[in-house]
Amino acid sequence: MKIFVPPIKSQGIKTKLVPWIKQIIPENFNGVWIEPFMGTGVVAFNIKPKKAVLCDTNPHLINFYNSLKDETITPNIVRVFLEEEGKKLENIEDYYYQVRDRFNTKHNPLDFLFINRAGFNGMIRFNSKGKHNVPFCKKPKRFSKAYITKIVNQVDYVYKLLKQNDYIFLCQDFQETIKQADTDSIIYCDPPYIDRHVDYFNSWNENDEYNLHNVLKNFQGKFILSTWHSNKYRKNSYIETLWSNFNMFTKDHFYHLGGSENNRNSIIEAIIINYNTNIKEIKEVRQYSLFDLAYSKIPSNKTECLL
């Protein structure tokens, strides 16, 4: 299967886990797909439900996708913007930081896309004052013609998806989002991994984990929870203390994004669900560029990931 990668990048993106998640969704699902922690939107944009409520506490993510939905941003607008700003990045020293400062003042969604794709290692990070603080990737020619085309294609995919389906984007707390679910909904939760990542918009502590557990255990519909199970150093203790009464599947995963080499390690992912399913074996997931000359020769038994 082909896996679409969204225009906004982030550490911990679930690209390689999408086939796994997709296989545990009931084939007859026809309700509302609800994500209290949408992040980049990679899961929803690949599941492609007819109706979805996609939420996050990061207002800039929500603003970006709402701007696509209301056509404040279009694929053509993105292309023109990146071509113009990309030239400035090549010719003006520290131009990335000028755009970052501009974004931190005006919160323009196009600036958000720019600094996201030109920032170090595809990170989304904000300081204690809510200011974006990811440094430059140090590639002045970052926005080549091919790279801009790739981003525009990613934007166009989401743009068309929003035209064809009924998606709502909201900036709100996960508990408010879960309240909107009914028994026909599926809630997919991908919260910040406890004990592993803290950010201004995505902090997560023990109280949050307990609160999430409490609202999900009382939910009468179906839920899917992504979390981490263990790595070579330690285990996630909350798997046993909170989530052991539910069905769980695990899978090795390697994260390529992050600010430190120490954070780019293999981790065992856990999927926790409150219903029974016959999960199938997931074939190897490989990533391919949209411009990979060998694209047409990709073996049919592989999962394709379009970068």
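The buried residues of H7 (under 20% relative accessible area, with a 1.4 Å probe and protein chains only) are Tyr147, Ile148, Thr149, Lys150, Ile151, Val152, Gln154, Val155, Val158, Tyr159, Leu161 and Leu162. The model is predicted: local features need pLDDT of at least 70, side-chain atom pairs count only at pLDDT 80 or more, and totals for chains, interfaces and linings use all residues. Residues are numbered from 1 along each chain as its sequence is written, and side-chain values use heavy atoms, leaving out hydrogens and water.

**Helix H7**
- H7 spans residues 145-164, 20 residues in total, and its first and last C-alpha atoms are 29 Å apart, close to the 28 Å expected at 1.5 Å a residue (1.5 Å times one less than the number of residues).
- Cover for its buried residues includes strands E1 (2-4) and E4 (166-171), and helices H2 (42-47), H3 (59-69), H4 (75-91) and H6 (109-118).

**Helices H4 and H6**
- The two axes, lines fitted to C-alpha atoms over the stretch in contact, come within 11 Å and cross at roughly 55°.
- Contact (heavy atoms within 4.5 Å) involves Ile77, Val78, Phe81, Leu82, Glu85, Gly86 and Leu89 of H4, and Leu110, Asp111, Leu113 and Phe114 of H6.
- By class, this contact has eight nonpolar, one polar and two charged residues.

**Loop residue Ser185**
- Ser185 sits in the loop between helix H8 (174-179) and strand E5 (186-189).
- Ser185 counts as buried because its relative accessibility is 2%.
- Not counting residues up to four places away in sequence, Ser185 touches Phe29, Val32, Ile34, Phe219, Gly221 and Lys222.

Technical notes
Helix = DSSP H or I, 4+ residues; strand = E, 2+ residues; numbered from the N terminus. Buried < 20%, exposed > 50% of the residue type's maximum accessible area, 1.4 Å probe, protein only. Axes fitted to C-alpha atoms, helices over the stretch in contact; angles between N-to-C directions. Nonpolar A, V, L, I, M, F, W, Y, C, P; charged D, E, K, R; others polar.
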